[in-house]
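Subject: Structure handover

Hello,

Here is the structure I promised to pass on. My notes follow below it.

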Amino acid sequence: MEKAVTVLAPNGRRQTVKVNVNATVLQILEEVCKKQGLQPEKYDIKHHNKCLDTSTIIRFSGLPNNAQLELSEAVTERADGIVTLGIQCENGDRLTGDFDPGCNLHDVLCKMCPEQVDPETNPVVVYMRRMIYGETSFKETTLRSLGLTHGRAMLRLIHKSPEELGEQANISAPLPPRAVEEKLPERPREKPSVPKYQKVELPPPQQPPPAVDKPKAASPPRQLPKTLADDPPHQTVPVLKEKTVAEEDFIFVGPRNAMIFSQDTAEAVPSEDLPDDFFELTITDAKKLLKDLKKRRVELDNLPLQTSTWRSLLKSTDELTRMNRYKKSIIRIHFPDQMILQGVFKPLDTLQMVFDFVRDYLENRDLDFYLCKRTRKLKRQLPDLIFQTQLRR
């Protein structure tokens, strides 16, 4: 899938560039500067007066198709630095090393994990949902083409069969939607059986009045039909409820409804790509955005000054509101082997309870481990509550 962007150069000329969604903003900058005879290190690309990060991929930059960009002079001239790479292998190992932005992926893999670069094992490098495989692609793809000119980055090294090389990298797979429950065919209503010891007590038969002229023998009592004599009066027939069968059942373990599953085996839900006109900004949308911005500006201008005591009071009120709104919290722990452990906690539970929960499901409970929230390591000795640590996506 390709996109087209229009870049306004400092000399007043407009340059249209067609790029792939896996390309970076740095590639657009270098292509425009090459055609206009400028130095890429001295310029930045802006979108709505906001400088774009040169390492951002077009897929995740939020730029619509036919976006209008502007080439402006940079405040400080950019310079390439050392890139610290981390490679996560399938066995859970994480290897790190420092490389130059002009180094290609083949040299990186040969230096950090040469035993896993065998072409027969079909190695695949995944970076920001982009799959790179094949010795030729490894040699042609440099760190600069991935947008890595400085800082740190994490790559994932996996091995796939030749039949699976064309599939999208399974980074995250949400649970499939629950299917509509099917109703079983309605069963015919059966007449409930009645115990034999239940009998019907009939009222005594009425004797006819004696005749004056000639006495007559009393008539024998009337015999009810057998079906009426066997059935009790006012017998109610229970209505059979329709049963439903769920397509998929989830098995929970323990008091915290623990669930263990593998991220690699989860199937991704197919999604359709939206057309390009869906991302185009209409006049109505622009008016609504401008109205919201004006309203927000008026609210900020009329906002009174707050003291530190008042701010702490508002913060405490907000915490109490969130605790009252969210009764439970679902926390997932990702293991290096792509296994996921899920548990349900309350907002007032502490981090130590989370560590104890993970330790209960380890094969070796004496193993020393730590939990990380993105790049920050969580300390178990802190008495922080779960809602105070802001464990969210």
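Is Glu 31 buried, partly exposed or exposed? At 29% relative accessibility, Glu 31 counts as partly exposed. (Buried means under 20% relative accessible area, exposed over 50%, and partly exposed in between, with a 1.4 Å probe and protein chains only.)

Before the rest, some ground rules. This is a predicted model, in which local features need pLDDT of at least 70 and side-chain atom pairs count only at pLDDT 80 or more, while totals for chains, interfaces and linings use all residues. Residues are numbered from 1 along each chain as its sequence is written, and side-chain values use heavy atoms, with hydrogens and water left out.

**Overview**

The protein chain has seven helices and 16 strands. Helices (H or I, at least four residues) and strands (E, at least two) are DSSP runs, numbered from the N terminus. The protein chain has 393 residues, and 28% of them count as buried. Take the contacts between residues at least 6 apart in sequence: 63% of these join residues at least 24 apart. Contact here means heavy atoms within 4.5 Å. Accessible areas come from the Shrake-Rupley method with a 1.4 Å probe; for residues, only the protein chains shown count as cover.

**Salt bridges**

Side chains of opposite charge can pair when their charged atoms come close. The structure holds seven salt bridges. The rule is a side-chain nitrogen of Lys or Arg within 4 Å of a carboxyl oxygen of Asp or Glu. Three of them are described here.

Back to Glu 31. Its side chain meets that of Lys 35 in a salt bridge, at 3.5 Å from N to O. Both residues sit in helix H1 (residues 25-36); because they are four residues apart there, about one helical turn separates them. Lys 35 is partly exposed too, at 48% relative accessibility.

Next, Asp 80 and Arg 144. They form a salt bridge whose closest N and O atoms are 2.0 Å apart. The pair links distant parts of the chain, 64 residues apart. Asp 80 is in the loop between strand E4 (67-73) and strand E5 (83-88). Arg 144 is in the loop between helix H3 (135-140) and strand E9 (151-159). Asp 80 is partly exposed, with a relative accessible area of 45%. Arg 144 is partly exposed as well, at 27%. A network of salt bridges links Glu 30, Asp 80 and Arg 144.

Then there is Asp 349 with Arg 256. Their side chains meet in a salt bridge at 3.2 Å, N to O. Asp 349 lies in the loop between strand E14 (339-345) and helix H7 (351-360). Asp 349 counts as buried because its relative accessible area is 10%. Arg 256, at 24%, is partly exposed. The side chain of Asp 349 also reaches the backbone nitrogen of Lys 346, at 2.9 Å.

**Cysteines**

How many disulfides are there? The count comes to zero, with a disulfide taken as a pair of cysteine sulfur atoms within 2.5 Å. Cys 113 is in no disulfide; the nearest cysteine sulfur belongs to Cys 89 and is 5.1 Å away. Cys 113 is buried, at 0% relative accessibility. Cys 33 is buried too, at 1%.

**Nonpolar patch**

Ile 251, Val 253, Ile 260 and Tyr 361 make a nonpolar surface patch of about 400 Å². Patches are made of residues with over 30% relative accessible area and no salt bridge; like charges are joined within 9 Å, and nonpolar side chains (Val, Leu, Ile, Met, Phe, Trp, Tyr) within 5 Å. Ile 251 is in the loop between strand E11 (244-245) and strand E12 (259-262). Ile 251 counts as exposed, at 69% relative accessibility.

**Backbone**

Two residues to look at here. His 48 is not a glycine, yet has a positive phi of about 60°. His 48 is in the loop between strand E3 (43-46) and E4, and is exposed at 69% relative accessibility. Asn 66 lies in the loop between E3 and E4. Its phi is also positive, near 60°. Asn 66 is partly exposed, with a relative accessible area of 45%.

Best wishes

Terms used
Polar contact = N/O pair within 3.5 Å; in protein donor to acceptor, adjacent residues only side chain to side chain.
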